[in-house]
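The exercises below are to be worked with the sequence and the coordinates open side by side. Each task is followed by a solution in steps.

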Amino acid sequence: MGITGSKAAVLTGEEKQLLRSSWEQVMKNKTAFSVDVFVRVFKASKDAHQAFDQLKGISPEELRDNPMMKAHCLRVNSILNTMVAETDNAVLGELIRNIARTHYRYGNFVQKPHYEVFAKSFMYALENELKGKLDGKTKNAWIKAIGAMQECILANQKQLESGA
């Protein structure tokens, strides 16, 4: 997952395959997995929860059955699915730029600490979903990929903020 013009780590062929095979397992339970990620994000960061106007005032646990929450989670899942599938495609850079543009519109609500909470929540949910099938190599590939994604999104948001 190397993004053109970024310093993001480039995944090896083996790492890409590890991502794809583990993601295939996660996608068997995609809605519950994605909701779990965001419930964890909202429990860890009240700021992140407050950024979602339509979900304000709903407890993280109540969000598990909320249709708006599930819809958002499935949109994020779709993006992640494309990113995993397209690690060798130049379209990945444009996808990252689009994520940055979308989040930039939310101003200070989506900043580095929010992405860090997302990364931790994602990894916890991934370990929980794969129930002991997440070996060290696969876990490290995911950490590398999520880190690269975060770095690229933040770099693109910074360009947007500077007007470049």
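**Exercise 1. A lysine in a loop**

Task: Which residues is Lys56 in contact with, leaving aside its neighbours within four places in sequence, and is Lys56 buried, partly exposed or exposed?

Solution. The model is a predicted one.
Step 1: with neighbours within four places in sequence left aside, Lys56 is in contact with His49 and Gln50.
Step 2: Lys56 belongs to the loop between H3 and helix H4 (60-63).
Step 3: the relative accessibility of Lys56 is 38%. Buried requires under 20% and exposed over 50%, so Lys56 is partly exposed.
Step 4: Lys56 can also be placed against Lys46, 10 residues away in sequence, with a C-alpha to C-alpha separation of 9.8 Å.

**Exercise 2. The histidine partner**

Task: Locate His49, decide whether His49 is buried or exposed, and list the residues in contact with His49 outside four places in sequence.

Solution. 
Step 1: His49 sits in helix H3, which covers residues 46-50.
Step 2: the relative accessibility of His49 is 7%. The limit for buried is under 20%, so His49 is buried.
Step 3: beyond four places in sequence, the contacts of His49 are Phe42, Leu55, Lys56, Ile58, Ser59, Pro60 and Leu63. Lys56 from the previous exercise is among them.

**Exercise 3. Helix H8 and its ends**

Task: Why does the separation of the end C-alpha atoms of helix H8 agree with its 27 residues? Which residue caps the N-terminal end of H8, and which residue just after H8 takes a positive phi?

Solution. 
Step 1: H8 runs over residues 136-162.
Step 2: the expected span is 1.5 Å times one less than the number of residues, so the 27 residues of H8 should span 39 Å. The end C-alpha atoms of H8 are 39 Å apart, in agreement.
Step 3: at the N-terminal end of H8 the cap is Asp135, with a side-chain oxygen 3.3 Å from the backbone nitrogen of Lys137.
Step 4: just after H8, Gly163 has a positive phi of about 80°.
Step 5: a positive phi also occurs at Lys131, near 40°, in a residue other than glycine. Most residues other than glycine have a negative phi. Lys131 lies in the loop between H7 and H8 and is exposed, at 65% relative accessible area.

**Exercise 4. A tryptophan in H8**

Task: Is Trp142 buried or exposed, and which residues is Trp142 in contact with outside four places in sequence?

Solution. 
Step 1: Trp142 lies in H8.
Step 2: its relative accessible area is 3%, so Trp142 is buried.
Step 3: leaving aside neighbours within four places in sequence, Trp142 is in contact with Leu19, Ser22, Trp23, Val84, Phe122, Met123, Leu126 and Leu134.
Step 4: for Met123, 19 residues away along the chain, the C-alpha separation from Trp142 is 7.8 Å.
Step 5: Lys16, in helix H1 (residues 13-26), is 126 residues from Trp142 along the chain, with the C-alpha atoms 9.2 Å apart. Lys16 counts as buried, at 13% relative accessibility.

**Exercise 5. The largest pocket**

Task: Which helix gives the most residues to the lining of the largest pocket, and how do the lining residues divide by class?

Solution. 
Step 1: the volume of the largest pocket is about 700 Å³.
Step 2: its lining has 26 residues, with Phe38, Phe52, His72, Val76 and His103 nearest the centre.
Step 3: at least two lining residues come from each of H2 (30-44), H5 (67-85), H6 (91-104), H7 (112-130) and H8. H5 gives the most, six residues.
Step 4: by class, the lining has 18 nonpolar, six polar and two charged residues.

Technical notes. Residues numbered from 1 in each chain as written. Predicted model: local features only at pLDDT ≥ 70, side-chain atom pairs only at ≥ 80, totals over all residues. Heavy atoms only, no water. Helix = DSSP H or I, 4+ residues; strand = E, 2+ residues; numbered from the N terminus. Polar contact = N/O pair within 3.5 Å; in protein donor to acceptor, adjacent residues only side chain to side chain. Buried < 20%, exposed > 50% of the residue type's maximum accessible area, 1.4 Å probe, protein only. Contact = heavy atoms within 4.5 Å. 1 Å grid on protein atoms, 1.4 Å probe; cavity = no way out; pocket = protein on both sides within 12 Å on 5 of 7 lines; lining within 4 Å. Points joined across faces, edges and corners; volume = space filled by probe spheres on them. Nonpolar A, V, L, I, M, F, W, Y, C, P; charged D, E, K, R; others polar.
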